[in-house]
Amino acid sequence: MKSLLTRWLPLLCFATGVLQAQPQVPVKLPAFAEGQYVHTPPSPDTLASDTTLHPQLRKLIERGRDLFLNTQQLRGKNVFNDMNCQSCHLGEGGLNWSGPVWPAATTLPDFRGKNQRVNTLEDRISDCFIYSMNGTPPLAGSEDMLALTAYHQWLAKGAAMYNSKIGGRGYGHLGTEMPRQTSYANGQQLFGEHCALCHGDNGQGRREAGVVIFPAVWGDGSWNWGAGMSRVPALASFIQNNMPLGQPGSLTAQQAWDLALFVNSQERPQDPRYTGDAAATRELYKDFHNLTMYGLTVNGKVLGQHDNTGAKPFLRPPGLQLRPAP
Ligand code: HEC
Ligand code: HEC
């Protein structure tokens with residue numbers, strides 16, 4: 001955490017200065033529903049002093065945490081955009097309403113609609129590498145994958161197994177349907193007012209001396225069209241409960257929807273499942289793309305109709321299973 005803070009500090013101070021000029025807003029998060037299971041993961045800061053763990057295991061979990069916070073160390077090997085796991089899973093992967101990652105360790109193996117088979121924890125982590133990191137996963141059984149799974153499992157310490165009524169899981173509190181009314185123009189304006197300061201006028205994020213300080217929300221440095229965040233409801237929920245940084249719940253649901261629509265109507269690296277035609281790919285994977293803007297015409301252009309894979313020198317990671325075209 002220290003190293004991250006040191007890296008952000010200059011920009012955080014700059015951003016906080018601007019934010020402080022605005023009226024303070026209370027942090028507002030959704031309430032847990034009746035009967036939901038709530039788990040509080042151990043604080044990663046207790047890891048170093050946890051003597052119940054074999055030193056070798058502790059070292060491995062610490063390595064997993066380090067990979068989670070600074071996934072950029074795998075850039076060019078497994079990661080081909082500006083993301084860290086922490087970019088979307090805030091609070092070191094333990095924060096409710098910010099896609100806490102431990103539920104995967106307590107609910108898998110399970111069937112997953114996205115890839116139509118029973119997934120392990122390694123499979124689930126791999127999917128975020130393939131889409132959210134615009135990359136290719138570390139091999140199952142490799143030291144890096146083992147470290148990441150050990151960290152996920154450790155965050156789940158004490159949690160109930162196979163209880164899927166988990167409060168604060170994922171990015172879903174705004175539902176899984178597009179609202180009837182959203183405004184691109186309003187989203188564009190809100191982005192300029194509340195987000196561009198950190199994420200840049202063109203969504204490109206911000207680097208300091210080559211180090212990513214604020215991640216890109218669209219363009220080559222961002223997640224690809226196959227990532228869960230390109231589903232408008234997921235992004236809207238993430239935004240409302242996590243952004244602007246440090247002010248969760250400060251935007252209304254409508255503002256979050258408009259922002260999500262605007263951000264997800266910009267270009268980003270190609271979906272690795274691309275068939276050569278975005279509209280046809282949308283149709284083939286419509287159970288996923290029904291909630292994205294991919295393959296739709298916005299501002300006179302079909303989103304995703306291009307061969308750009310960002311900094312990734314290939315379209316598909318090896319072994320990616322594709323659906324046969326009809
Ligand atoms: C661009 C944002 C983004 C990044 C970066 C990202 N993820 Fe995710 N992750 C998601 C989304 C979206 C979901 C699905 C949440 C939902 O179901 O509502 C998810 C889900 C998960 C889950 C399943 C959680 C559950 O509730 O079962 C795990 C585990 C996970 N991610 C691990 C990782 C790891 C490890 C990394 C880094 C290698 C990573 N993610 C990077 C967006 C991201
Ligand atoms: C004060 C700076 C700041 C502001 C303002 C801010 N963000 Fe962020 N945002 C961040 C940081 C930092 C992260 C990554 C979190 C981490 O690494 O801990 C992030 C992560 C994200 C992500 C997930 C990762 C990615 O790059 O796609 C999205 C999406 C996002 N922000 C959208 C927004 C939106 C929309 C707004 C405006 C409502 C906004 N942010 C305002 C700093 C900011």
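By class, the shell around ligand 1 has 16 nonpolar, nine polar and two charged residues. Nonpolar here covers Ala, Val, Leu, Ile, Met, Phe, Trp, Tyr, Cys and Pro, charged covers Asp, Glu, Lys and Arg, and the others, Gly among them, are polar.

Before I go on, the conventions. This is a predicted model, where local features need pLDDT of at least 70, side-chain atom pairs count only at pLDDT 80 or more, and totals for chains, interfaces and linings use all residues. Residues are numbered from 1 along each chain as its sequence is written, while chains are lettered from A and ligands numbered from 1 in the order in which they are written.

Back to ligand 1. The shell holds 27 residues, and the closest are C85, C88, C128, G170 and G228; a residue is near if its C-beta atom, placed from the backbone, lies within 6 Å of the molecule. Two or more residues each come from α3 (103-107), α4 (121-132) and α5 (143-155). The largest share, five residues, is that of α4. Helices are DSSP runs of H or I with at least four residues, numbered from the N terminus.

Next, ligand 2. Which residues come nearest to it? They are C195, C198, P215, M243 and P244, out of 23 around ligand 2. At least two residues each are supplied by α7 (196-199), α8 and α9, and α7 gives the most, with three. This shell divides into 17 nonpolar, six polar and no charged residues.

Now the domains. An automatic or database domain assignment sets the bounds, giving domain 1 (34-155) and domain 2 (184-302). Their centres, taken over C-alpha atoms, are 22 Å apart. The contact takes 15 residues from domain 1 and 18 residues from domain 2, where contact requires C-beta atoms, placed from the backbone, within 7 Å. Why does ligand 1 lie between the domains? Because both domains give residues to the shell around ligand 1. Ligand 2 also lies between them, because both give residues to the shell around ligand 2.

Last, a helix pair. The axes of α8 (residues 232-242) and α9 (residues 253-263) come within 8 Å and cross at roughly 125 degrees. Axes are lines fitted to C-alpha atoms over the stretch in contact, with angles from 0 to 180 degrees between N-to-C directions. The two helices are therefore oblique to each other; under 35 degrees would be roughly parallel, over 145 roughly antiparallel, 65 to 115 roughly perpendicular, and the rest is oblique. Residues of α8 in the contact include V232 and L235, and those of α9 include W257 and L261. By class, this contact has eleven nonpolar, one polar and no charged residues.

How values were computed
Two residues are in contact if their C-beta atoms, placed from the backbone, lie within 7 Å.
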